[in-house]
Amino acid sequence: SAALEKAGGVKALAEFCRERGVDEVVIMRSDRDLAKQIDVVEVMAAGTRVSDWVDFWERSFSRVPPDYVDESWLARLDLRIRHPIFHRAKRFIDVLLAVVGLILLSPILLLAALAIIVESGSPVFFSQRRVGFLGRSFTLHKLRTMRKDAEADGAKWASEGDDRVTKVGKFLRRSRIDEIPQFWNVLRGEMSIVGPRPERPEFVEKLNGEIPLWPCRHLVKPGLSGWAQIRFRYAAGTDASKEKLAYDLYYLKNASLLLDLQIILSTLRSVARGSR
């Protein structure tokens, strides 16, 4: 800034921080030349925190900007270290919640099925190929919420206010009742209760070519709900998908049972409010 330049530039940064009571200095990874000029020890000695731009963004907004990270960032994640305990406990919780969910929600599932038949006939269920863990495809099951001819012209992104959605379907989506059949996918081990939402192969192929880190979402199982699901809107296109990836990257780095619990509780609150 002009004030810093007037005070003597980067070399006088420590004194500038001390005089102005600066709490934190954030360094862009792309500006390596500037970073080399900063005496980090002196700045920290002045009582100022020195942060990397990505770490600052993650801490402040609970998301990791895809444009500022690369495969070297991805390689530093501790997925293998976390695997033995975390994934076994996560699988136990998945099975427990899926069984309880199917048992307790079966009456609601039956009523929803009858409502679909009354409004638009059969089929009641909607099955679609999705890309899951390590890029393996699987068949995802949902209650049908769209017209039978919804994709007569080919695959299309789902979006808020989609005019292909039936009247019953709008209610099922708001309440997430349409997602109940996915508990079966969880029992089969194809999905988890919490994780990035699985996308269709047609969209994944496109996004893999346009968003460099998009395939890393497949390092964990897809979920019924996820960090992006509760923090972001529908992603209907490449730009929105990149925004959604920022939240998926945050989950990938910070996945824990406590974060999963937070996501589950937030999802339940969303369901209670009747929002998607």
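# Close-up views of a predicted model

**View 1. Lining of the largest cavity.** The residues that line the largest cavity divide into five nonpolar, two polar and three charged. Here Ala, Val, Leu, Ile, Met, Phe, Trp, Tyr, Cys and Pro count as nonpolar, Asp, Glu, Lys and Arg as charged, and the others, Gly among them, as polar. The lining consists of V131, G132, P196, R197, P198, R217, H218, V220, K221 and P222. The volume of this cavity is about 40 Å³, and the structure holds one cavity of 30 Å³ or more. A cavity is a set of points, on a 1 Å grid over the protein atoms alone, where a 1.4 Å probe fits but cannot get out; lining residues have an atom within 4 Å of a point. Grid points are joined across faces, edges and corners, and a volume is the space filled by probe spheres set on the points.

The model is predicted: local features need pLDDT of at least 70, side-chain atom pairs count only at pLDDT 80 or more, and totals for chains, interfaces and linings use all residues. Residues are numbered from 1 along each chain as its sequence is written, and side-chain values use heavy atoms, with hydrogens and water left out.

**View 2. The second largest pocket.** This pocket has a volume of about 550 Å³. Among its 19 lining residues, L105, F183, L224, T267 and L268 are the closest to its centre. Two or more lining residues come from each of α7, β6 (223–225) and α13 (257–273); α7 gives the most, with six. By class, 13 lining residues are nonpolar, four polar and two charged. A pocket is an open set of grid points with protein on both sides within 12 Å along at least five of seven lines. Helices (H or I, at least four residues) and strands (E, at least two) are DSSP runs, numbered from the N terminus.

**View 3. A nonpolar patch on the surface.** F92, I93, L96, L97, V99, V100, I103, L104 and L257 form the patch, with about 780 Å² of accessible area together. Its largest share, eight residues, comes from helix α7 (residues 79–120). Patch residues have over 30% relative accessible area and no salt bridge, and nonpolar side chains (Val, Leu, Ile, Met, Phe, Trp, Tyr) are joined within 5 Å. A salt bridge is a side-chain nitrogen of Lys or Arg within 4 Å of a carboxyl oxygen of Asp or Glu. Accessible areas come from the Shrake-Rupley method with a 1.4 Å probe; for residues, only the protein chains shown count as cover. L104 lies in helix α7 and is exposed, because its relative accessible area is 61% and exposed means over 50%.

**View 4. Q128 in strand β3.** Q128 belongs to strand β3 (residues 125–131). Q128 is buried, because its relative accessible area is 10% and buried means under 20%.

Methods
Patch = residues over 30% accessible without salt bridge, like charges linked within 9 Å, V, L, I, M, F, W, Y side chains within 5 Å. Buried < 20%, exposed > 50% of the residue type's maximum accessible area, 1.4 Å probe, protein only.
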